[in-house]
Amino acid sequence: MSDSQSDAASGAFPPGFLWGAATASYQIEGAAREDGRTPSIWDTFSHTPGKVLGGDTGDVAVDHYHRWREDVGLMKQLGLGAYRFSVSWPRVQPTGRGPAVQRGLDFYRRLVDELLASGIQPALTLYHWDLPQELEDAGGWPERDTALRFADYAAIVADALGDRVENWITLNEPWCSSFLGYGSGVHAPGRTDHLATLRAAHHLNLAHGLGAQRLRAAMPARNRIAISLNTAVVRPLTQSPEDQDAARRIDALANGIFDGPLLDGAYPEDLIADTARLTDWSFVRDGDLAAINHPLDALGLNYYTPSLVSRADDNAAAPRADGHGTTEHSPWPCADDIAFHQTPGERTAMGWTVDPTGLYDLLMRYTRKAPDLPLYITENGAAYDDKPDPDGQVRDPERLAYLRAHLGTVRRAIQDGADVRGYYLWSLLDNFEWSYGYSKRFGAVYVDYATQARTIKASGHWYAELAKTGRLPKEPADSMT
Ligand code: FCB
């Protein structure tokens, strides 16, 4: 048996595989009005009645802004090798323009230093959806200027932290920012305008490209620059030509619109043709595609569940559940004749089907498309209705099974040639789940929102064991389930 065969047989991941967990600023920090921070689009949106379940906001969230040291302690207990967090743009550059606020940058510097002192690699996301409200008031992502503002902001953060953070992610899930923020309106800023959606997608791509250039110029060469995409695994309901064409169209709108310019330096021709009745794409200017095509050091993939689509005879699919909320507005431009279906199988508390084969397909897709690009799973995880038992323990066997199944798939993809370097569990802590407020718990750590007390869940203990040994434990230990 070769070494790699025996590793595979024993359930081992490659040496150096990074075990991480992820969070995002607005979902955990709280301290919404402290130290010079101004409102982001998510502050405005969550304070607008009817936008977030239960009227929840991120004003306090899980108070990470004050409890960051305790939270790094939890990461140590989980044996994490890496922690992915995001910087709140309005905390470090309140109006989205001009000079930085030192107090905001200092918060992240302290966090990073504590991580490094604890042997945990920081992975910094520049934009996880909290656009300064002033930039939205000036037009937001549909306007080109927002991309230029992002590039300046990227340079500010790189100057402050480039000497100590090696892993950089420009944007988190630009599909959600554009299609949910400007298309279906279930995310901030809550607009429902399909032309604005496509313009936003392009300007997010441009922000990535211009931001990556500025990061490269400001940072040591060893630092890695990536983007995190929630590329969709789109499957046709039947093999009929109509359903296959529906899958192709959604694939172009979900994936090609981002990975086309990023990896191939062009928007896919079918995407341009499919959306021709809405736009001629003249907002793409000379030089934009070359900027977006800036070389990446790694690709971040976020995966939760696959999509199943068909050609609908009429527009009977409304209201639509698009994964992050329900609305009568479709996030998808020029696709009113396409229906989305629930994939069969067990579901999480989000209603998302548990299907690890989607993660395998995704990893192999990008292994074929970009064979030289290291892959990181920058988010994967599941929400369940966790509750502490009378003894105070939080037993979450469903999440543990979800993680086990998905990580088994990751290992299989690695054996089949995927260059996967690390995995970030979503999420470190239970937190503010966007339009669902605090009603959905994704954490490896349970948070009692009344007291802010933290308790590592059984799945978290299991993950710690995995992080320590680098191999999938054979069966969940009885004591943990
Ligand atoms: C992803 C987001 C993350 C979290 C998970 C459940 O789309 O990036 O913030 O909401 O979904």
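This is a guided tour of one predicted model, stop by stop, for you to follow in your viewer.

Because the model is predicted, local features need pLDDT of at least 70 and side-chain atom pairs count only at pLDDT 80 or more, while totals for chains, interfaces and linings use all residues. Residues are numbered from 1 along each chain as its sequence is written, and side-chain values use heavy atoms, with hydrogens and water left out.

**Stop 1: the ligand**

Select the ligand and the residues around it. There are 12 of them, and Gln27, His128, Glu173, Glu433 and Trp434 come nearest; a residue is near a molecule if one of its heavy atoms lies within 4 Å of it.

Now look at the oxygen atoms of the ligand. One is 2.8 Å from an N or O atom in the side chain of Gln27. A polar side-chain atom of His128 also lies 2.8 Å from a ligand oxygen, and for Glu433 the distance from a polar side-chain atom to an oxygen of the ligand is 2.8 Å. Taken alone, the ligand exposes 290 Å², and the protein buries 99% of that (accessible areas come from the Shrake-Rupley method with a 1.4 Å probe; for residues, only the protein chains shown count as cover).

Stay with Trp434 for a moment. It sits in the loop between E13 and E14 (helices, H or I, of at least four residues and strands, E, of at least two are DSSP runs, numbered from the N terminus). Phi of Trp434 is near 45°, a positive value in a residue other than glycine. Trp434 is buried, at a relative accessible area of 2%; buried means under 20% relative accessible area, exposed over 50%, and partly exposed in between, with a 1.4 Å probe and protein chains only.

**Stop 2: the E13–E14 loop**

Next, select Ala444, in the loop between strand E13 (420-426) and strand E14 (445-448). Ala444 counts as buried, at 4% relative accessibility. Leaving out residues up to four places away in sequence, Ala444 touches Leu78, Leu425, Ser427, Leu428, Thr455, Ile456, Lys457 and Gly460, where contact means heavy atoms within 4.5 Å.

**Stop 3**

Move to Pro189, in the loop between helix H9 (174-184) and helix H10 (194-218). A cis peptide bond joins Ala188 and Pro189, and omega is about 5°.

Then select Ala31, found in the loop between helix H2 (25-28) and helix H3 (41-46). Ala31 is not a glycine, yet its phi is positive, about 50°. Ala31 is buried too, at 6% relative accessibility.

**Stop 3: Asp130**

Select Asp130, in the loop between strand E3 (121-127) and helix H7 (133-137).

Not counting residues up to four places away in sequence, Asp130 touches several residues, including Tyr26, Ser40 and Trp89.

**Stop 4: salt bridges**

How many salt bridges does the structure hold? The count is 39. Side chains of opposite charge can pair when their charged atoms come close.

Start from Arg37, which forms a salt bridge with Asp43, the closest N and O atoms being 2.9 Å apart. Arg37 is buried, at 7%, and Asp43 is buried, at 6%.

Next, pick Arg249 and Asp337, whose salt bridge also has its closest N and O atoms 2.9 Å apart. Arg249 lies in helix H11 (residues 241-264) and Asp337 in the loop between strand E10 (326-327) and strand E11 (338-341), so the pair ties together parts that are 88 residues apart in sequence. Arg249 is buried at 9%, whereas Asp337 is partly exposed at 25%.

Finish by selecting Asp386, Asp396, Arg399, Asp430, Arg441 and Lys457, which are linked in a network of salt bridges.

Notes: Polar contact = N/O pair within 3.5 Å; in protein donor to acceptor, adjacent residues only side chain to side chain. Salt bridge = Lys/Arg side-chain N within 4 Å of Asp/Glu carboxyl O.
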